[in-house]
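Reader: Hello! Could you please walk me through this structure, one question at a time?

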Amino acid sequence: MVDILLKRYLWLIDTLRSRGEMTYEEISSAWDRSAVNDNASTLSKRTLYNHCQAVARHFGIEITCKRGHNLNYYYIANPEALTGGSINNWLIENFSVATLLSENASIADKILLEDIPSGRKYLNEVLAALRESVTIRISYRNFSCRGYDDLEVEPLCVKLFKRRWYMLTRLSGNGKFRIFALDRITALEVKKHKYIYPSEFLPSEFFEPYFGITAQTGEEPEAITLRVYDELRGYLKSLPIHHSQEILEEDGDSMTVSVKVAPTFDFIQEILSHREQLEVLKPESLRNKIYSIISKMSDLYRCVK
């Protein structure tokens, strides 16, 4: 029953988000045609009202009825709750895609998806520990076979980055931050030890100066100027390399943008992934670091016959 109601709530949010203001009759008609309505039920005004109340309680999304002379229109009064990297936006986007895929199950062999590694098998336990503010004990090995055994940590948040789940934690006892990839955890146990979640800690602010998952490695955020070439300009306009990206100038051949971010390993990897279509102009220190990496890569291929 809970699963059915959740699907209905997500369907209602997604429908109003995509179509804007709708009358009760329009919403009811859309529900009649929806793939989510697998038992061909009707949507009464009372049920719609209850769904709107539940959406506000569970998701913080206010669905308001604007009363007119002849028609009443329903709409999302706080669309900002569905923007950026919020969990609401992520849920709705994934629900919308899942619904679309279920409607096209007959051509499943023609729809190719990317998998997320097995780290999700620990995601439920980590989220449960976050909800209950209890510690977890983990054993962990990175890809160099270095790691920890029976390490007790306080989970602070989880983050999805490039198809892998990561967990930001605070070490029990000394308060130091550590980030662990869930797919490299070899054992995990949720403990009964309560911890006090830091009241002023905001995960989004913690990661704000960084690109990706690498954080607190000593690099400070700084103004970085990039020159973008060819079709990459369109890609970075539609999906900025970092939330701080600003376009400084653009001509027929290139575009210059600025970002304020720490030049960590993840950010440098992203720069290199765009090859000759992305050039670091400033600061000189980062430009030299990129040059050094490219030179070493060149040396690897110089002796190839």
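This is a predicted model: local features need pLDDT of at least 70, side-chain atom pairs count only at pLDDT 80 or more; totals for chains, interfaces and linings use all residues.

Reader: What counts as a pocket, a strand and a lining residue here?

Author: On a 1 Å grid over the protein atoms alone, a pocket is an open set of points where a 1.4 Å probe fits, with protein on both sides within 12 Å along at least five of seven lines. Strands (E, at least two residues) and helices (H or I, at least four) are DSSP runs, numbered from the N terminus. A lining residue has an atom within 4 Å of a point.

Reader: How much space lies in the second largest pocket?

Author: Grid points are joined across faces, edges and corners, and the volume is the space filled by probe spheres set on the points. The lining has 19 residues, and Y140, R178, I179, F180 and A215 lie nearest the centre. The space comes to about 460 Å³.

Reader: How many nonpolar residues are in that lining?

Author: Ala, Val, Leu, Ile, Met, Phe, Trp, Tyr, Cys and Pro count as nonpolar, Asp, Glu, Lys and Arg as charged, and the others, Gly among them, as polar. The lining of the second largest pocket has five polar and three charged residues, and its nonpolar residues number 11.

Reader: Which residue forms a salt bridge with R141?

Author: A salt bridge is a side-chain nitrogen of Lys or Arg within 4 Å of a carboxyl oxygen of Asp or Glu, and by this rule the count comes to 14. With the closest N and O atoms 2.9 Å apart, the partner of R141 is D149.

Reader: How many residues apart are R227 and E279?

Author: The side chains of R227 and E279 meet in a salt bridge of 3.8 Å, N to O. This pair links distant parts of the chain, with R227 in strand 9 (residues 222-229) and E279 in strand 12 (residues 278-282), at a separation of 52 residues.

Reader: Is F95 buried or exposed?

Author: F95 lies in helix 4 (residues 87-103). Beyond its neighbours within four places in sequence, F95 is in contact (heavy atoms within 4.5 Å) with K7, L10, W11, D14 and V36. The C-alpha atoms of F95 and K7 are separated by 8.1 Å, although these residues are 88 apart along the chain. F95 has a relative accessible area of 11%, so it counts as buried.

Reader: What share of the protein chain's residues count as buried?

Author: The chain's secondary structure comes to nine helices and 12 strands. Its C-alpha trace spans about 75 × 60 × 45 Å along the principal axes. Of the 305 residues, the share that counts as buried is 39%.

Key. Residues are numbered from 1 along each chain as its sequence is written. Side-chain values use heavy atoms; hydrogens and water are left out. Buried means under 20% relative accessible area, exposed over 50%, partly exposed in between (1.4 Å probe, protein chains only).
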